[in-house]
Amino acid sequence: MTNDILAQALVYLVAAVVFVPLSKRLGLGAVLGYLIGGVTIGPFVLGFVGGEGHHVMRFAEFGVVMMLFIVGLELRPSLLWQLRRPIFGLGGAQVLVTALAGAGAAIGVGVATKPALAIGMTFAMSSTAIVLASLTERNMMKTNGGQSAFSVLLFQDISVIPILAIFPLLGVVAGQEITDVTAESGRPGWLSALFVIGAVLLVIFIGRVLVRPLFRFLAGAQLRESFTAAALMIVVGIAFLMESVGLSPALGTFLAGVVLADSEYRHELETDIEPFKGLLLGLFFISVGAQIDFGLVGSEPLAIAGIVLATMLGKLVILHVLGRLFGLDRPARWMLAFALAQIGEFSFVLLSFATQERIFDPALANLLTAAVAISMVLTPPMFIVLERFVLPRVTDDEADKRPQDDIVAAETPVVIAGYGRFGQMVGRILRANGIPLTILDLDPEMVDIVGRLGIKVYYGDASRVDLLHAAGCAQARLFVLAVDDKEQATQIARNVREHFPKLEILARCRDRPHYWELRSLGVKRVFRETFGSAYETGIAALQSLGYRAHTALRLARKWRDHEEHVLEELGEVWGSGDRDSYFARTRNAMDEAERLMRQEDPKVFVERDAGWDNESLRADPEPTEAVDAADAPF
Amino acid sequence: MRRILIQFAHPVLERSRVNRHLVEAVRELPNVTINDLYERYPDLSIDVAYEQQLLDDHDVIVFQHPFYWYSCPAILKEWQDLVLEHGWAYGKGGDHLRGKITFNAITAGGPKSAYHRAGYNRFTTRELLSPWDQTAHLCGMRYLGPFVVHGTLRIAKHDDMHAASAAYRKLIEAVRDDRVDLDRAGDSDDLHHDLSKVVA
């Protein structure tokens, strides 16, 4: 048994590891890689996996749930409100029109009215998983078309609930009452509605009230895993809650994500869930590929091809027309139509439910299931066609140059990593000048204290690349690296340099070796963390000893210039690894500085600032009327 | 008794030969405030509100400085540019300096004879100070002739230094105590030279 699970896991992982990078390298995208991998290990090619595909799929569907949670995290309630028109208008129109058209077509080919309606509603769904993954993969998520597609998908997710409620009414063994809608739970309809409202309120309550103290408590323990566990617990718990009241788990976690989008733990949650989402979603795509019943496809090729082609073409046309009606520009219309032309994973659920309700016979359901799977597999190629051939033709240069509206709100010109004594000072100066900041810190107490001052600090480990992405490093103009931990700072600098090479970094460093290390990573400006205050203390010390304030400042500046020059020079010696010559050069440099200062010291020797000095003039002959103005003093 | 503010500017007082003696001569006088600009603003960033308050609190403003390049050290120019704001020092509503008395107290390396049309400096000190004269005029102030210590390079003898300091002290006290003929002082080319003529 255990061996079996391990073998299964190995097969799936190998498929992912082999096919995904291959597919990406060929420019086909990761999603298609997973799907091809699934087909390959499936019963009709290699036969490594077989009948249990359904169970794996059930498990893998959780990837979709997690994806919607993360999508929700990036959508603040205010942004969601802004999307209400595309969601309910465009989304509602798409589901209604596609369902009716699908039903009409089914009746046209001789299906009875009730099953035809069920088919129409099933085929109105698109694949949230494949579409969102493909949009994200191609950086299309934030474009007009991407946002519209997302809005429609969101409405589809919502509409699954009433569709599931309508299905029993379409069964051949009809004649039962409406209470049958929720027959499996044995609750009357009004009570179900109350349960649903209660569950939604509970999700909001959990997100608003419980999560923050929970995470603060966990953060105090300083254990990474407990954070990850808590994040998973929230997602799984909400999915469970939603399912038990008959709501879509994906919708529930999406809602939870939206509620948590304002939380300071947003980036952290996103970072924790992301790898699970990625893996499970991959598993999901693989199982979609593995599920395609090629036996059936082989026996009824024309029927299936007809269904797939007719459906995708029909959906494409409907989406394009609706996009036009709802005022989308040309590229957005085409993107919407190409993205959502497939039939989605919810259809698997709806089809099995429909079979269960005896709306149509299993043979038809199998045929339709195969068509759904094939249309999903065709989606990544559709995206390739869209990207390579369609978009270049329909995009006006002008529209292309116009910056797209952003779905993510927190994109600031400055990202500060580390908001302790150092970062706060930098941040306060910037804030005082009205510059918006995205602040990351790993100390929960600091997040809390600064939060109480009304400053939003995101809790999270800035050395993780995904968190840097989430913080908006791709758009930021400046990255202030102010964490106190040496190794961590170096790691962050390395990641920022590697993944955002254009982003300017101002870095705090601990000591000289750290200074050179950061410099060698390509950080142009590095500041020794205690240099500023020590420098000021030095100036104050000179003043205390009776130096004029202006003189003390000038002397200290001279010394600093020398110091900084030597620091760069010593870096090369340090880098060579020769410690003897390093220390020799350092001693030498100190002597140099002292000699320089003695020259500068006005009480000992006057050479510099001769412009202010009139000693040299004393040696001149007494100026007379005859003396030329050239060597005469004022 | 008039209140006197001495706006003192010398970037390297350590090397000063004359100015530090002049400052010492008036430092302890009642009703005299010395504002050591380079000491207060080592990086030349002037606190405008503070400076304007100082001006408000005094009746006589003396600018004491070496006559670098026929003018003043950099900080005094910065001070003028920032503190003498439109609407405060001049222009509409700019009446804070109106009626105050002002003059320069300068030290110059060249002898008095050099500051003459026929001398190698070609202009009198008073002529070279005409921007200060006009600035005062625009702000509604009464501009007196400069107090000049000439030939600072040659002042080696303690007695000479002492004489210059005493004269400066005498002038400051007389202005403070209203014992100066302001009309004559306004016409003077050099209050140091004309001291006996302008002080009653």
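**Exercise 1. Find a stretch of chain A with pLDDT under 50 and state how many contacts the model has for it.**

Solution. pLDDT stays under 50 over residues 623-632 of chain A, and the model has 16 contacts for this stretch beyond four places in sequence. Here pLDDT is the predictor's confidence in each residue, from 0 to 100, and two residues are in contact if their C-beta atoms, placed from the backbone, lie within 7 Å. This is a predicted model, in which local features need pLDDT of at least 70 and side-chain atom pairs count only at pLDDT 80 or more, while totals for chains, interfaces and linings use all residues. Residues are numbered from 1 along each chain as its sequence is written, and chains are lettered from A and ligands numbered from 1 in the order in which they are written.

**Exercise 2. Summarise the confidence of the model by chain and by element.**

Solution. Start with the chains. Chain A has a mean pLDDT of 80, with 87% of its residues at 70 or more. Chain B averages 93, and 99% of the residues score at least 70. The scores of the model are ipTM 0.83 and pTM 0.52.

Then take the elements of chain A. Confidence is lowest in helix α19 (residues 397-401), at a mean of 43, and highest in strand β4 (residues 478-481), at 96. Helices (H or I, at least four residues) and strands (E, at least two) are DSSP runs, numbered from the N terminus. Over residues 398-409 of chain A the pLDDT is below 50, and this stretch has 17 contacts in the model beyond near neighbours in sequence. Where pLDDT is low, the predicted coordinates should not be read in detail.

**Exercise 3. Give the strand order of the open sheet in chain A and identify the strands at the edges.**

Solution. The six strands of the open sheet are ordered β3-β2-β1-β4-β5-β6 (chain A), and their pairing is parallel. Two strands pair if DSSP finds at least two bridges between them. The edge strands are β3 (457-459) and β6 (525-528) of chain A; each has a single partner strand, so one side of each is left without a neighbour in the sheet. From one strand to the next, the twist averages 20 degrees.

For one pair in detail, strand β1 (residues 414-417) of chain A runs parallel to strand β2 (residues 437-441) of chain A, and four bridges join them. Ile416(A) has Ile439(A) as its bridge partner in β2(A).

**Exercise 4. Describe how α4(A) packs against α13(A).**

Solution. First, the geometry. The axes of α4 (residues 62-73) and α13 (residues 266-291) of chain A come within 8 Å and cross at roughly 150 degrees. Axes are lines fitted to C-alpha atoms, for helices over the stretch in contact, and angles run from 0 to 180 degrees between N-to-C directions. α4(A) and α13(A) are therefore roughly antiparallel to each other, a term for angles over 145 degrees.

Next, the residues. Among those in the contact are Phe62(A), Met66(A) and Ile70(A) of α4(A) and Leu269(A), Ile273(A) and Phe284(A) of α13(A). By class, the contact has 14 nonpolar, one polar and four charged residues. Ala, Val, Leu, Ile, Met, Phe, Trp, Tyr, Cys and Pro count as nonpolar, Asp, Glu, Lys and Arg as charged, and the others, Gly among them, as polar.

**Exercise 5. Describe the packing of α6(A) with α15(A) and with α7(A).**

Solution. Helix α6 (residues 84-108) and helix α15 (residues 301-325) of chain A pack at about 145 degrees, with axes 10 Å apart. Their contact has nine nonpolar, three polar and one charged residues.

With helix α7 (residues 113-124) of chain A, α6(A) makes an angle of about 140 degrees, with axes 7 Å apart. The contact includes Val95(A) and Leu100(A) of α6(A) and Leu117(A) of α7(A). By class, the contact of α6(A) with α7(A) has twelve nonpolar, four polar and no charged residues.

Technical notes:
Parallel < 35°, antiparallel > 145°, perpendicular 65-115°, else oblique.
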